[in-house]
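Morning, everyone. Please look at the chain on the screen while I talk.

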Amino acid sequence: RISGGSLGQPARRAILELSSGDSNRAQGILTISSGEENWFYGAGYGMNGAFTVGYGPTQPEYTAQSRLFITTLGNVGIGTTNPTQKLSVNGTVRAKEVIVDSGWSDYVFDESYKLKALSETEAFIKVEKHLPGIPSAQEVAEHGVNVGAMQAKLLAKIEELTLHVIE
């Protein structure tokens, strides 16, 4: 059903409403066919109000062929139908630039900062097999890396090394 405007009056907006009386079929999915494969977009049955754009066979499983998925909470998934963050990507991301807002490490240069002795750092590394304040390989494998926080931690380590060289 397409609606908008009234007889003799131009439509200021048009509404395209797609629905199905059959609860076992898609509700509000628009399919653009190119033969055996189709692009589709809309809100399918059983998707809890989520919106999807996808590509698949004539009668697709809308979540299985989803390429872009938006939940009612505003989380966006690319390559995933279960985005748990504002943007969840199941795949590689390429960008010219990424800006991460986080704290910074200049606190190392504050006079109250207690710089650990190199022997203390060496002892920690021998036991733990990683730098103090930096997650282990196992922690990274299990939880991933917060890029902004890691950049700040790595800068702190560079600043600590600089202070050791100055000593």
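First, the ground rules. This is a predicted model, where local features need pLDDT of at least 70, side-chain atom pairs count only at pLDDT 80 or more, and totals for chains, interfaces and linings use all residues. Residues are numbered from 1 along each chain as its sequence is written, and side-chain values use heavy atoms, leaving out hydrogens and water.

Now the overview. The chain has three helices and eight strands. Helices here are DSSP runs of H or I with at least four residues, strands are runs of E with at least two, and both are numbered from the N terminus. Reading from the N terminus, the order is β-β-β-β-β-β-β-β-α-α-α.

How much of the chain is buried? Of its 167 residues, 22% count as buried. Buried means under 20% relative accessible area, exposed means over 50%, and partly exposed lies in between, with a 1.4 Å probe and protein chains only. The accessible surface comes to about 12,600 Å², and 54% of that belongs to carbon and sulfur atoms. Those areas come from the Shrake-Rupley method with a 1.4 Å probe; for residues, only the protein chains shown count as cover.

β5 covers residues 51–57. β5 pairs with β6, residues 66–70, in the antiparallel sense over four bridges. Two strands pair if DSSP finds at least two bridges between them. Within that pairing, Val53 has Leu68 in β6 as its bridge partner. Leu68 also stands opposite Ile78 in β7. β6 and β7 run antiparallel, joined by three bridges. They form a hairpin with five residues between them. In the turn, Gly74 has a positive phi of about 90°.

Stay on β7, residues 76–78, which holds Gly77. Is Gly77 buried or exposed? Gly77 counts as buried because its relative accessibility is 0%. What does Gly77 touch? Leaving out residues up to four places away in sequence, Gly77 touches Arg67, Leu68, Phe69, Pro83 and Ser88. A contact means heavy atoms within 4.5 Å. Leu87 is ten residues from Gly77 along the chain, and their C-alpha atoms are separated by 6.0 Å.

Last stop, Phe51. Phe51 sits in β5. Phe51 counts as partly exposed because its relative accessibility is 34%. Together with Ile32, Trp39 and Tyr41, Phe51 makes a nonpolar surface patch of about 390 Å².

Definitions and conventions. Patch = residues over 30% accessible without salt bridge, like charges linked within 9 Å, V, L, I, M, F, W, Y side chains within 5 Å. Salt bridge = Lys/Arg side-chain N within 4 Å of Asp/Glu carboxyl O.
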